[in-house]
Amino acid sequence: MTIALFITCLTDNFYPRSGIAVVKVLEYLGHSVVFPQAQTCCGQPMYNNGYHNDARDLARRFLHVFEEYETIVTPSASCASMIREYYPTLFKAGTNERMAIEALSEKTYEFVEYLVRVQKVDLRSLGMKWKGSATYHPSCHLRSLGMHKESEQFIEQIEGIDLRPMANSEQCCGFGGSFAVNYPEISASMVRDKVADIKASGADTLVCNEAGCSMNIAGACQRQGVVINTKSLAEIIAEGLGLFDSENES
Amino acid sequence: MTTPTHTSQARHLGTDREVFLAKIRGALGAKKGRTITEPVPDVDESLVRLCQTDEDLPARFADRAQALGMQIHHAKVNELGAQIGNILEKHNCKEAVTSIAHQLLNKQVTEILRDLGTAMIDHKSTSWHDQQFDVDAGITDVDAALAETGSIIISSGAHRSRGSYLAPPLHIALVRTSQILADLIDYFDCKNDWLDEPNQSATVLISGPSKTADIEGILITGVHGPGMVHIIIIDDQSQSE
Amino acid sequence: MTVDTIHDKHDPLHPQLPYRIADSVNRAMGDVQLQQFVNAATTARDRGRVETCRDAFAERYDAVRRHAGDIKQHTLDHLDIYVEQFIDSATTAGAQVHCAASAEEARHIGIEIAKANECKLCVKSKSMVTEEIDLVSALEDSGIKTLETDLGEFIIQLDNDAPSHIVMPMIHKDRRSVARAFERELKTKYTEDPQQLTQIAREYMRHKFAQADLGISGANFLIADTGDVVLCTNEGNGGLTVSTPRLHIVYVGIEKIIPRLDHLPVFLKLLARSATSQPITVYTTILTGPKRELEIDGPKHMHIILLDNGRTDILRTDAREMLRCIRCGACLNACPVYRKVGGGHAYGAVYSGPIGAVITPLMKGLHNYPDLPHVSSLCGACFEACPVHIDIPRQLINLRRDMVTNRTMPLSGRLAYKLWAIVLKRPLLYRLASRIMALILRRMAQSNDSGWINKGPGPLGAWTAERDFPAPPSNSFRDWWNRHTGGQER
């Protein structure tokens with residue numbers, strides 16, 4: 001099947017390795033991946049901060065760029081939920097545009113969700129191995145996708161992984177987009193709690209599939225001198241399948 | 001109800017009813033006199049029901065009531081005296097108020113208390129209003145009980161005072177097994193069928209002793225209402241089968 | 001924490017407007033003990049909610065929340081009809097129903113009724129609506145001594161403090177402050193034992209119940225077709241409040257109506273589980289008018305004061321779903337921000353936490369509470385906890401939208417987002433801007449070899465105050481993709 005990849009601005013610019021892993025895993029599973037070059041941003045910053053006319057324009061752009069594809073996959077649950085939950089609310093019910101947007105919503109998936117729910121991938125049957133201790137931060141937007149538990153169960157399928165429980169794992173890391181700069185004291189205090197819980201888990205690697213959370217958590221770890229690898233699940237799967245071969249990819 | 005009182009001048013305080021309703025209509029873009037055209041959502045039992053009618057209701061009721069912090073006793077009708085006596089003695093109760101709608105049961109309990117020598121406080125006397133806060137125990141029957149939660153349901157009336165189950169530190173409730181319903185749904189579907197008197201003003205579902213956790217989240221029982229609730233389950237069904 | 005606020009003129013729930021949150025945030029951030037206290041209490045309650053609800057409803061939990069939300073939404077969509085029906089049926093049951101358009105009118109009605117009945121002492125059970133209209137001080141000013149009988153509210157009244165949580169009003173106070181208040185105000189022997197403190201309060205208030213000639217309560221639900229008033233309480237003070245005095249006044253918002261009595265179990269099953277992890281509150285009291293002639297006790301007269309006070313303004317907008325709220329406090333317990341700001345006082349209004357962040361600006365004006373819609377990471381924990389399925393994050397976003405539309409947002413912010421949007425709408429410009437940004441960030445990170453920026457200008461400065469910001473790697477995903485596919489434009 002041909003899958004259109006929506007890479008998202010943060011993954012494109014800050015976490016390319018995670019995006020590369022998504023491509024490699026999807027290709028490994030036999031899909032053909034395309035990357036529509038005209039894509040920019042889903043418009044979530046505009047939407048969340050109340051600039052809904054601009055968000056609507058960006059939703060229209062997104063529709064224009066991705067409409068022709070059968071399936072759209074993105075590494076971000078946050079952007080996926082923007083498209084699925086919030087795009088439709090920007091358009092009047094019953095209009096053609098709204099129906100087109102709803103059709104778009106229905107074929108847009110977060111990467112792990114796509115593997116688990118659509119492809120029904122079982123990592124045990126792929127023969128992947130990944131050695132190391134890890135703890136998992138479920139990003140808040142997985143709530144709206146209803147993927148909290150499933151993501152964790154999916155990780156548990158990885159052979160060799162030493163998955164450490166994280167206390168208060170479901171609690172927000174404090175990123176929240178503009179929240180992190182509008183209320184930096186509260187945001188920083190939240191991420192300090194998160195870092196403490198990660199540290200207490202004793203894991204070497206933090207599995208985090210949301211680029212925004214990763215920036216926040218890894219940035220706080222860096223400041224506090226807490227040494228931990230932050231990786232997306234796509235990277236772990238790609239590593240476990242030996243898909244990162246050449247130097248400049250990893 | 002048209003009891004003329006000295007508060008009747010208060011009837012037209014505030015905003016006129018029609019003006020008030022017109023503002024709500026305005027907010028909804030609705031016209032006066034409109035009716036509900038869409039179906040009123042019915043309660044979806046498949047989602048909400050938590051106790052099936054074919055469960056062992058007395059057993060579940062006893063189990064849940066206990067979990068709520070109430071103490072359960074079982075008695076046949078002829079053992080009632082001993083049970084009540086034990087409870088009153090254990091808690092050193094010298095006086096009690098009976099608040100029982102079921103006539104036969106009322107007669108039995110009255111005799112039991114007379115035999116025990118417990119002073120009986122009359123809630124129909126004029127001194128009841130002040131007395132209710134000093135009486136040691138209140139003994140009531142119930143309208144119904146719920147297996148789902150372990151709650152007992154009591155309505156006010158000509159024979160049951162509200163104070164009798166709220167003010168004393170100890171409440172003894174007499175529940176007949178035939179009164180135990182499965183789920184809250186079953187009760188509220190036909191609340192009026194379970195009333196001892198058709199025209200009454202208050203029904204209360206009691207689910208445990210009075211509780212508070214206001215101080216540092218620490219659970220304390222007996223803050224305003226009874227700190228102890230004893231339920232005597234009277235089997236009135238076995239013989240008929 | 002928990003300073004005794006005796007005769008403090010500053011009322012955190014009725015601050016000077018417009019209310020800015022910065023001071024409260026700074027104060028709370030400096031009070032680690034208070035943070036931990038609120039954190040422990042809310043986290044425990046939130047876990048309790050999840051466990052009890054999962055235990056009861058299993059995988060149906062979400063569907064039950066939606067179902068309850070649907071029933072409430074239907075009621076709100078037809079609220080004109082149901083309010084009218086309620087007024088009629090409650091009147092038939094013997095209650096006198098009054099309509100109050102504003103807080104001032106609601107206070108006035110209650111005071112007039114109390115005066116006409118020559119009431120001197122009022123016992124009051126816990127009610128958010130009476131907080132909303134600031135009733136107690138108005139009663140006292142009219143010479144009606146008023147006693148809060150809920151233990152938490154009683155302690156707060158003794159301390160002249162303000163409640164900070166919808167369900168746990170004194171979540172911000174510890175046992176020592178209770179001990180001090182009782183010793184000071186009730187002249188009892190100093191004790192920190194919660195059991196003994198509770199006993200002191202019980203003894204003190206029992207006599208007051210007997211003396212009181214007026215009982216004031218709120219209501220959790222109103223039943224349109226029967227005129228019933230439903231009260232859910234745990235302590236038993238609610239039951240005594242509505243039984244012992246000769247007059248009972250109910251203060252209730254119009255949004256508390258549900259169509260029929262058979263709808264009640266849906267909400268009873270959710271309310272206590274969501275609020276306090278109980279299957280049902282200890283006392284669920286259903287009142288159908290005042291004492292009947294043959295009945296032994298109960299109030300001779302029952303007055304119900306239906307309150308609008310801004311509710312129809314909410315009803316009018318796309319925030320209508322906010323009125324589904326059954327005041328369980330689950331969203332407060334679930335909210336990481338509520339925990340950080342040390343509880344409800346920081347929200348500068350009676351309704352706090354996520355629910356308050358939406359309804360306070362709606363009821364009192366966005367221009368008066370411009371910060372509240374923004375003090376949220378939009379994490380969605382509140383939505384997940386809400387028993388009537390209110391999409392609180394979306395409502396917060398809608399308020400942000402309204403602030404952009406009515407230009408409450410500062411011009412600089414509006415311009416920045418405009419510029420950003422212009423870039424995002426043009427792919428070539430977007431790519432160019434991304435490259436330039438990456439270059440600048442990498443340059444900034446060069447001052448240290450870590451690949452991280454630890455001091456940035458402007459908004460980045462807020463970020464880097466307590467955490468680093470990553471510099472983008474030299475190759476973006478796009479660069480890799482173009483190599484991966486041999487530069488094909490796809």
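This is a predicted model: local features need pLDDT of at least 70, side-chain atom pairs count only at pLDDT 80 or more; totals for chains, interfaces and linings use all residues.
Residues are numbered from 1 along each chain as its sequence is written, and chains are lettered from A and ligands numbered from 1 in the order in which they are written.

**Exercise 1. Work out which chains touch, and which pair shares the most contacts.**

Step 1: Two residues are in contact if their C-beta atoms, placed from the backbone, lie within 7 Å.

Step 2: Chain A and chain B do not touch, with 19 Å between their nearest C-alpha atoms.

**Exercise 2. Describe the contact between chains B and C.**

Step 1: count both sides. Chain C brings 88 residues and chain B brings 69 residues.

Step 2: look for the main contributor on chain C. Helix H10 (residues 194-211) of chain C gives the largest share of that side, 10 residues; helices (H or I, at least four residues) and strands (E, at least two) are DSSP runs, numbered from the N terminus.

Step 3: sort the chain C side by residue class. It holds 43 nonpolar, 26 polar and 19 charged residues, where Ala, Val, Leu, Ile, Met, Phe, Trp, Tyr, Cys and Pro count as nonpolar, Asp, Glu, Lys and Arg as charged, and the others, Gly among them, as polar.

Step 4: follow the strands across. Strand S9 (residues 202-206) of chain B pairs with strand S9 (residues 283-287) of chain C, antiparallel and over five bridges; pairing takes at least two DSSP bridges between two strands. Within this pairing, B:Thr203 stands opposite C:Ile286.

**Exercise 3. Describe the contact between chains A and C.**

Step 1: count again. Here 55 residues come from chain A and 50 residues from chain C.

Step 2: name contributors on chain A. Among the elements giving two or more residues to this side are helix H4 (52-66) and helix H12 (184-201) of chain A.

Step 3: classify the chain A side. Its residues are 29 nonpolar, 19 polar and seven charged.
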